[in-house]
Amino acid sequence: MNSGMYAALTGNLSAQRRLDVVSNNLANANTTGFKADRIQFESVLANVKNSTDGPIFSNDRYSTDFSSGSLQQTGNALDVALEGDGFFVVNTPQGTAYTRQGSFHRSATGRLVTADGYEVQGAGGPITVNGGKVQIGDDGTVSVQQPGQTTADTVGTIATVDFPKPYAMEKLGNGLFRPSDPQAATVASTAGVKQGYLETSNVKAVVEMSRLIEASRYFEICAKAVKTYDDMNNRAANDLGKV
Amino acid sequence: MIRALWTAASGMQAQQLNIDVVANNLANSSTTGFKKSRADFQDLMYQTEKTTGAPATNTTTIPTGIQVGLGVRPGSVSKIFTTGTIVHTGNELDVAIEGDGFIQVQQSDGTTAYTRAGSLKKDGQGRVVTSDGQPIVPEIVIPSNATSINIGNDGTVSVQQAGQTAATTVGTIQLASFTNPAGLNAIGKNLFLPTDSSGNATTGTAGQNGLGTLDQGYIEQSNVSVMEEMVSMIVSQRAYEINSKAIQASDDMLQQAAALKR
C-alpha cells in the first residue's frame, strides 16, 4: 500500500519540477536567443509500470529545444542573428562558452562584446571595432569604414560553430551554453549571420500553457492518490479494529 | 514550487520593464529626432540537479542531466538608431540628417552632446541654437541683417544680406558619428552623450565618409512605429499574464499540498 503512496508522491515531485521548467520557459518568453527546456512525461509512467514494490523515484528526462526563434529586425549595426544551426563563441572568465544571443556591444577598448562584457571570438581572436560604420556580412566578416576612407577594412570574422548531433548542452545562464563534454568536437556551422536582427526566444506560449495545465492537473491527481492511500490507512488503523 | 513562484515572478518583473520601455517609446512617438529603445533579457543561472555525462553505472553515463532555470533578468536596454520619417516643415532652420550622423551641441558645462533633433533656432545674439537654447558646435552666427538662410546638403550655412546680391557663407554644420550609436547614453531633451561602448565621436563634413547629408526645411520624426509598439505591448502584456498564471498554478499546487494534512 505504501509503495503506491510513494509512487503518487514522486508524481507530485515530478509535477513540481515540470512547473519549475515551464515557469522558466514562460519567464524567458521574451529573452533574446533563449531555447526552451522540455521535460518528458512518459518516463514517469514507464517507471511506475516497471516498478516492483518500494519507493519509485521519477526519472524525468530533460532536453533543450534548439529550434530557431523568429528573427526580429532591430536595425542596430552590432545586433546579429544566426540563421540556421550554430552558436557564437564567447570568452568568459570560466572558459569558452557558446550563445545565440547576438545583441553585441562595443567595449571601452573597442572590442566586440556581449551584454555582459564577454569578448566575442573571431576566427583569429577577439574583434576590435574602432572608427566609423560597422558592417557584418552573411559569412560573419566584420568590416569597419574608417573616417576619411571610401572603402571598408575587414577587421575580423565572427566565429560560428556547431556541435555534432545529438549533443547535450549545459545552460550557464545569461544566454550561454557549454557542451556537457568539453572535448565535444565542434563542426563548421552552416548558419548565416544577419546584421541588424536578433533571434527571439523559441518559447511557444500556447504549448507552455498546456504544459502548465498538465502539470497542475497531474499534481492534483497525484495529491488525490496520496489522500486516498491515507484514507485507506486511516480505515485500516481506526475502522477495522471496531469490527 | 517555491522555485517556480520566484521564477514566474522574475518573468513578471521583466515584462514590467518591457512595458516601461514601450510606454516611453509611445510617449515619444511624436518627439523630433527621438530614437526608440528596446529591452533585451537574459536567462538567469541554472540549478544543476544532475550533471550530464556523470556516470550512472560503471559502464554508462547519464545522457541528459537535470537543469532547472531560475528565471529571467534584464540584460540591456539599447537605443535603436534607424532613421525616422523625414517630414517637410518649410522652416529655414529645420535640418534633417539623411543617413548617419549627429549634430554637435555645446552644453552649459562646456561638454559636447549629440542630437538628431534638427529643429534649430536663432537666439538673441544670432547664434544657431537648439530648442533649449544650446549653441551648436562649431558655432554659427547669423548676421542681424540676413534676409534668408540657406543650408546646403554638406552643411554649409550661407545668408543673403539686405542690399547684397551674393550670398555670404557664415559657417558649416559639422556632423559626428559613432562606431556603435546603440551604446550612446541618452540624457533626455533629445541629447546623447558618448560612452565607452559607443566609442568617441568622429566629426566630419556631411555627405562625406559615410556621414549623412543635411536637408534644409525638413525634420526627422521619431523612429517609433506605433503599430510595432502596440504589438510589443500586447506580447508583453500576455507574457506578464502567462507568468501570473504560473504563479497561480504554483499557489494552487501548494494549497493542494497543504490540504493533504487533515
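This is a predicted model: local features need pLDDT of at least 70, side-chain atom pairs count only at pLDDT 80 or more; totals for chains, interfaces and linings use all residues.

Below are my notes, taken in the order I looked things up.

**Entry 1: salt bridges overall.** I searched the whole structure and got 19 salt bridges over all chains. I then picked a few to look at one by one.

**Entry 2: a pair between chains.** I looked up Arg38(B) and found its side chain in a salt bridge with that of Asp79(A), at 3.4 Å from N to O. This pair crosses between chains: Arg38(B) sits in strand β1 (residues 37-43) of chain B, while Asp79(A) belongs to the loop between β3 (71-73) and β4 (80-83) of chain A. Are these two residues buried or exposed? I checked, and both Arg38(B) and Asp79(A) are buried.

**Entry 3: a pair within a helix.** Next I turned to Glu220(A), which has a salt bridge to Arg217(A) with the closest N and O atoms 2.6 Å apart. I placed both residues in helix α3 (residues 205-239) of chain A, where they are three residues apart, about one turn of the helix. I noted Glu220(A) as partly exposed because its relative accessibility is 23%, which falls between the 20% and 50% cut-offs.

**Entry 4: a network in chain A.** I also came across a network of salt bridges that links Lys35(A), Arg100(A) and Glu199(A).

**Entry 5: the domains of chain B.** I moved on to how chain B is divided, and wrote down domain 1 (2-77 + 224-261) and domain 2 (86-220). The centres of these two domains of chain B, taken over C-alpha atoms, are 43 Å apart. For contacts, I found five residues of domain 1 of chain B against seven residues of domain 2 of chain B. The area buried between the two is about 510 Å², with carbon and sulfur atoms giving 54% of it. On the domain 1 side, I saw that Thr32(B), Gly33(B) and Lys35(B) lose the most area to domain 2 of chain B, together 90% of what that side buries.

**Entry 6: what joins the domains.** How many salt bridges cross between domain 1 of chain B and domain 2 of chain B? I found one. By class, the side of domain 1 of chain B touching domain 2 of chain B has one nonpolar, three polar and one charged residues. I also counted three residue pairs in polar contact between these domains, both residues at pLDDT 80 or more.

**Entry 7: Lys35(B) again.** I looked up the salt bridge of Lys35(B) with Glu220(B), at 2.4 Å from N to O. It links distant parts of the chain, 185 residues apart: Lys35(B) is in the loop between α1 (2-27) and β1 of chain B, and Glu220(B) is in strand β20 (residues 218-220) of chain B. I noted both Lys35(B) and Glu220(B) as buried.

Terms used
Residues are numbered from 1 along each chain as its sequence is written. Chains are lettered from A and ligands numbered from 1 in the order in which they are written. Side-chain values use heavy atoms; hydrogens and water are left out. A salt bridge is a side-chain nitrogen of Lys or Arg within 4 Å of a carboxyl oxygen of Asp or Glu. Helices (H or I, at least four residues) and strands (E, at least two) are DSSP runs, numbered from the N terminus. Buried means under 20% relative accessible area, exposed over 50%, partly exposed in between (1.4 Å probe, protein chains only). Domain bounds come from an automatic or database domain assignment. Contact means heavy atoms within 4.5 Å. Buried area is the accessible area (1.4 Å probe) that two parts lose on being put together, summed over both. A polar contact is a pair of N or O atoms within 3.5 Å; within protein, one must be able to donate a hydrogen and the other to accept it, and residues adjacent in sequence count only if both atoms are side-chain atoms. Ala, Val, Leu, Ile, Met, Phe, Trp, Tyr, Cys and Pro count as nonpolar, Asp, Glu, Lys and Arg as charged, and the others, Gly among them, as polar.
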